[in-house]
Amino acid sequence: APLIITIDGPSASGKTSVARRVAERLGIPYVSSGLLYRAVALLGLREGASPEEIEAHLERHHLELRPTPKENRVYLDGEEVSAALHSLEVDRRVSAVAQRPSVRAYVNQVLRQIPPPFVVDGRDMGSVVFPQARHKFYLTAQPEVRARRRVSEREADFRTILGDILRRDAADQKQSAPAPDAVVLDTSRLGLEEVVEAVLEHLRD
Ligand code: CDP
């Protein structure tokens, strides 16, 4: 079977950074599924559409994810919107949008069209979207550790970010089940390269 590696985990668990580095080491593309949910949330914000209204908007707009080994670029109706996807506004809107079954079906269908090999990160990549994946990982870390990691990536202080992370953990609970056959790695005490090494080590088994 073609090579698919899934890396799931809660927000700021490091899954995207790890997926990118593992893919780089293997010389294959990585795919960050959360970017598609973020792009749908951005679309809703721009159109003034509530999460309930988003489905109708999805039919009228074109979303594209271009994965490369170095980065993922997201295009909304041909405009590159990658830089707009990591704002606090999108952070706060995305879970409600991602809970809509029609949005999940849409994102999953976009993901399943991507030709392997690739490393993909998200919440349910190993459990729902790519159950046939050859290697599956689930990254965890204490909320305080995850909040600290995110401080440098957002215009907000530690307390605000920790509060947002805890709220998003709760909101994302349903779509965040680890695949039963995933290797669970607690990264609370590990640096990025240590996690990458641990993942690569499992791939050799
Ligand atoms: O790392 P962080 O969780 O902040 O960002 P992300 O991976 O880009 O995910 C953003 C949001 O998209 C999550 O909070 C989920 O609501 C949603 N998501 C999802 O439901 N399923 C996925 N496979 C990926 C993301």
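Guide: Let us begin with a term: helices (H or I, at least four residues) and strands (E, at least two) are DSSP runs, numbered from the N terminus. This is a predicted model, in which local features need pLDDT of at least 70 and side-chain atom pairs count only at pLDDT 80 or more, while totals for chains, interfaces and linings use all residues. Residues are numbered from 1 along each chain as its sequence is written, and side-chain values use heavy atoms, with hydrogens and water left out.

Visitor: Which residues come nearest to the ligand?
Guide: Here, near means that one of a residue's heavy atoms lies within 4 Å of the molecule. The ligand has 19 residues around it, and those that come nearest are R38, R123, R150, R168 and D172.

Visitor: How many residues of the shell around the ligand are charged?
Guide: Asp, Glu, Lys and Arg count as charged; Ala, Val, Leu, Ile, Met, Phe, Trp, Tyr, Cys and Pro count as nonpolar; the others, Gly among them, are polar. Sorted this way, the shell holds 5 nonpolar and 6 polar residues, and the charged ones number 8.

Visitor: How far from an oxygen atom of the ligand does a polar side-chain atom of R150 lie?
Guide: A polar contact is a pair of N or O atoms within 3.5 Å; within protein, one must be able to donate a hydrogen and the other to accept it, and residues adjacent in sequence count only if both atoms are side-chain atoms. R38 places a polar side-chain atom 2.8 Å from a ligand oxygen. For R150, the distance from a polar side-chain atom to a ligand oxygen is 2.4 Å.

Visitor: And how much of the area that the ligand exposes when taken alone does the protein bury?
Guide: Accessible areas come from the Shrake-Rupley method with a 1.4 Å probe; for residues, only the protein chains shown count as cover. Alone, the ligand exposes 520 Å². The part of this that the protein buries is 98%.

Visitor: Is A12 buried or exposed?
Guide: A12 sits in the loop between β1 (4-8) and α1 (15-26), and its phi is near 60 degrees, a positive value in a residue other than glycine. Most residues other than glycine have a negative phi. Buried means under 20% relative accessible area, exposed over 50%, and partly exposed in between (1.4 Å probe, protein chains only). The relative accessible area of A12 is 6%, so A12 is buried.

Visitor: Which backbone atom of S32 lies 2.7 Å from a polar side-chain atom of N72?
Guide: N72 lies in strand β4 (residues 72-76) and, because its relative accessible area is 7%, counts as buried. A polar atom of its side chain is 2.8 Å from the backbone oxygen of Y30. On S32, the atom 2.7 Å from a polar atom of the N72 side chain is the backbone nitrogen.

Visitor: What is the omega of the peptide bond from P116 to P117?
Guide: P117 belongs to the loop between α5 (101-112) and β6 (118-122). Most peptide bonds are trans. The bond from P116 to P117 is cis, with omega near 5 degrees.
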